[in-house]
Amino acid sequence: MANSKYEYVKSFEVEDKIMLPSMIVVAIDGRNFRRFCEDHMFKKPRDKQALKLMKSCAAAVMIEYPDVIFSYGFSDEYSFILKKNPSFTRDVKGHLNNLYDTCVCELVQKREVKTEIEAHEFLKVEDVIKYKENGDPVKRLRRKVMKFRSDNIAGKSFWNQHLSLVSELGRVDEDIHKVRPEYLESFQFQDKLMPFTWIVVRIDGCHFHRFSDVHKFKKPNDEQALNLMNSCAAAVLQEFQDIVFAYGVSDEFSFVLNKDSKLYERNASKIVSAIVSFFSSKYISKWNEFFMEKEMEYPPSFDGRAVCYPTSKILRDYLSWRQVDCHINNQYNTCFWTLVDFKERTSGHQNKRCKSEAQNELKGTQTEQKNDLLTKYGIDYTALPDIFRLGSCVFRDKEIVIEHCNIIDDGFWEAHPWILGNEPYPGNTKWE
């Protein structure tokens, strides 16, 4: 993140309180799924194709997140069990090696394959998750072992016959009989957000460097991709009336809920998951509107978190921090890709070497030096499109609008006082 006087707002971010080591269960449910089923004419009482789709999505989750060791689902609901010591808090490479070895053993012992060599070939799927500073890709092995069963999971035999589950959960000695709901509810984590504070849900693309590379987004900015993000953000404001403002740049968007919001009784995980999943689904459904000439190779994913800010001033400082970050990152990236492009055209070097040389040339440079460098290559930074330099603001002004403006100075907020509740909204209170 860029250094600025607004960085103090990071002190309002608190760590999640899930106790380790413990088994983490993430339960998801369809939002307004009854209406979705009716609109898409699902068969009643159950639609086998819809269930297969849910199962396929659960499989994709387990491939993407190796810490998920088991999932169970029915209808529009799925529960995912994470291992006790997830690799999010440990060395990822060590975890993946252990998981990989376990999968190899189970494939051979269960006679899914004949030899360990076949098991290694079956498992070997590499994925680029990010890039180092010198341009080298950071890879990981992705699992593609999946078993779909409809066994009775209340019986101990199911849990004890799978090595990967036994290694994480231990052996089960007794069958499960009657389960008391109040007993299970006692373990649920109540992550209520502080009342009468501004809630900001910031979402970010997961491994978006890879996604943008695979889909050949323009560097340093792809205006079509940014417009797609903005359209998705506008759809979020349309769907969630408690969101009064959104600010976005690159693969990131911050959504501001009003101080009096009672959305999901201010339950953080429900608010975040609802906004992130809705945004992600819109990104996929709107793709062809902005990239008619490109087919989506695979769907992107986003993560998010909610932070409370007690005053309008601190909220504005948070948004100012994000806009300062937008400017600094965009100026650096514009310089970087200008240098890379020039070096590739004139030196004949490979892309990797040109990136390394560009990084070394920019190391330690200040704003004025970067502007001078761009001028040398015939680029006036101040003349670049506002969407690149200022980011995007999404808010209601008789209708939902998208603008690229300065939100650090007072002018924007004085012109739109209803956003922060300083004056009542001058138009309708509902947006269709």
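This is a predicted model: local features need pLDDT of at least 70, side-chain atom pairs count only at pLDDT 80 or more; totals for chains, interfaces and linings use all residues.

Reply: Tyr183 counts as partly exposed, because its relative accessibility is 42%, and buried would require under 20% and exposed over 50%. The residue lies in helix α7, which spans residues 181-185. Together with Ile176, Val179, Leu184 and Phe187, Tyr183 makes a nonpolar surface patch of about 510 Å².

Lys43, Arg46, Lys48, Lys52 and Lys55 gather in a patch of positive charge on the surface.

In general, side chains of opposite charge can pair when their charged atoms come close. The structure holds 15 salt bridges. One of them joins the side chains of Glu13 and Arg202, with a distance of 3.7 Å from N to O. This pair links distant parts of the chain, since Glu13 belongs to the segment before β1 (24-29) and Arg202 to strand β6 (residues 198-205), 189 residues apart. With a relative accessible area of 22%, Glu13 is partly exposed, whereas Arg202, at 12%, is buried.

Glu13 has a further partner in Arg305: the closest N and O atoms of this salt bridge are 3.7 Å apart. Here too distant parts of the chain are linked, with Arg305 in strand β9 and Glu13 in the segment before β1, 292 residues apart. Arg305 is partly exposed, its relative accessible area being 30%. Glu13, Arg202 and Arg305 belong, with Asp204, to a network of salt bridges.

Another salt bridge is formed by Glu252 and Arg322, whose closest N and O atoms are 2.8 Å apart. Glu252 lies in strand β8 (residues 252-257) and Arg322 in helix α11 (residues 312-347), so this pair ties together parts that are 70 residues apart in sequence. Glu252 counts as buried at 7% relative accessibility, and Arg322 is buried as well, with a relative accessible area of 1%.

The structure holds 35 aromatic pairs. In one of them, the rings of Phe208 and Phe302 have their centres 5.7 Å apart and their planes at 45°, so the pair is tilted. Phe208 lies in helix α8 (residues 208-214) and Phe302 in strand β9 (residues 302-309), and the pair therefore ties together parts that are 94 residues apart in sequence. Both Phe208 and Phe302 are buried. These two residues also belong to one aromatic cluster, which they form with Phe211, Phe217, Phe253, Phe255, Phe279, Tyr283, Trp287, Phe291 and Tyr298.

Definitions and conventions. Residues are numbered from 1 along each chain as its sequence is written. Side-chain values use heavy atoms; hydrogens and water are left out. Patches are made of residues with over 30% relative accessible area and no salt bridge: like charges are joined within 9 Å, nonpolar side chains (Val, Leu, Ile, Met, Phe, Trp, Tyr) within 5 Å. Accessible areas come from the Shrake-Rupley method with a 1.4 Å probe; for residues, only the protein chains shown count as cover. A salt bridge is a side-chain nitrogen of Lys or Arg within 4 Å of a carboxyl oxygen of Asp or Glu. Lys and Arg count as positive and Asp and Glu as negative; His and the chain ends are not counted. The place of a charge is taken as NZ of Lys, CZ of Arg, CG of Asp or CD of Glu. Rings of Phe, Tyr and Trp (its six-membered ring) pair if their centres lie within 6.5 Å; planes under 30 degrees apart count as stacked, over 60 as edge-to-face and the rest as tilted. Helices (H or I, at least four residues) and strands (E, at least two) are DSSP runs, numbered from the N terminus. Buried means under 20% relative accessible area, exposed over 50%, partly exposed in between (1.4 Å probe, protein chains only).
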